[in-house]
Amino acid sequence: MIADAHVHLDAYSPDELRDVLSEAASSGVELIVTVGMDAASSAAGLAIAQSEPNVYAAVGLHPWNAQDYPSGAPIGELRELATRPKVVAIGEIGLDFLNNLFLDLSYDDPDLRATQERVFREQLRLAVELELPVIVHSRGGAHETTARVLEEEGVACVGGCIQFFEGTPDDVARYVALGFTFTVGSSVTFADPGGWCETVRAVPGDALLLETDAPYLPYAGREPARSTPADVRRIGETVAQLRGVDATEVFSASITNLRRALPRIGAAG
Ligand SMILES: [Zn+2]
């Protein structure tokens, strides 16, 4: 049995979703956390979680959508969603300083960075208020700022996961000190992981989680180019090879560590 700690199930059509979930179940995927990009996609993900026993939801505003909220995150809507059954975290929230070709945005713009940080902080305060862990997206050289903001907002009391983690061993130490775990994704399957092996080995065994970020970020060689939660098995096998352990150890850690990082799983009904 294995857990996929980070997917976007609302991005599939209803027909695709039925196939994707049955394929995941037959691949031994026992737990799935579906994560929001804004209030509408958070509500859509939550509706799926409420009809699927093994699916839980996180609600939040992704940093890519921050620029649509220059006067602040939709905290009222997110708070209302976050108090419903099956919500186990606030996410996907965070910082992304990578210039975004899809959205034609340059994060060299200081106003855009300031807006991202503002909505991130507002959502961290919501998480602390509701005692919910956070699922954090940190890309494009943002780890130092992300860790500082998490510390300044006192988020260690709720903790959570650093999503699609591709940081350095120093970043691992910084986040572990704040009580965070790491979801490792398809980057590990690519031929030149660029320092990845060292980082994957540096993650403590009790802080290691797996994710697909499905339907995005397929593993190396995956056809068609859309991923599904069943692919988490392949990612877990690669992580096990890099750490020199048996895959079953990584699979079982993916469940145990996810339940510890997001304790409302199971308790949320
Ligand atoms: Zn994601």
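Which residues in α2 meet Glu77, Leu78 and Leu81 in α3? In this predicted model, local features need pLDDT of at least 70 and side-chain atom pairs count only at pLDDT 80 or more, while totals for chains, interfaces and linings use all residues. Residues are numbered from 1 along each chain as its sequence is written, and side-chain values use heavy atoms, with hydrogens and water left out.

The α2 side of this contact (heavy atoms within 4.5 Å) is formed by Ala39, Ser42, Ala43 and Leu46. Five of the contact residues are nonpolar, one is polar and one is charged (Ala, Val, Leu, Ile, Met, Phe, Trp, Tyr, Cys and Pro count as nonpolar, Asp, Glu, Lys and Arg as charged, and the others, Gly among them, as polar). Helix α2 spans residues 39-51 and helix α3 residues 75-82; their axes lie 10 Å apart at an angle of about 10°. The two helices are therefore roughly parallel (angles under 35 degrees). Axes are lines fitted to C-alpha atoms, for helices over the stretch in contact, and angles run from 0 to 180 degrees between N-to-C directions. Helices (H or I, at least four residues) and strands (E, at least two) are DSSP runs, numbered from the N terminus.

Turning to the sheet, eight strands form an open arrangement in the order β1-β2-β3-β4-β5-β6-β7-β8, with parallel pairing (at least two DSSP bridges between two strands). From one strand to the next, the twist averages 30°. Helix α4 (residues 110-130) packs on this sheet, where α4 touches β4 (87-96) and β5 (134-139).

Terms used
Angles under 35 degrees count as roughly parallel, over 145 as roughly antiparallel, 65 to 115 as roughly perpendicular and the rest as oblique.
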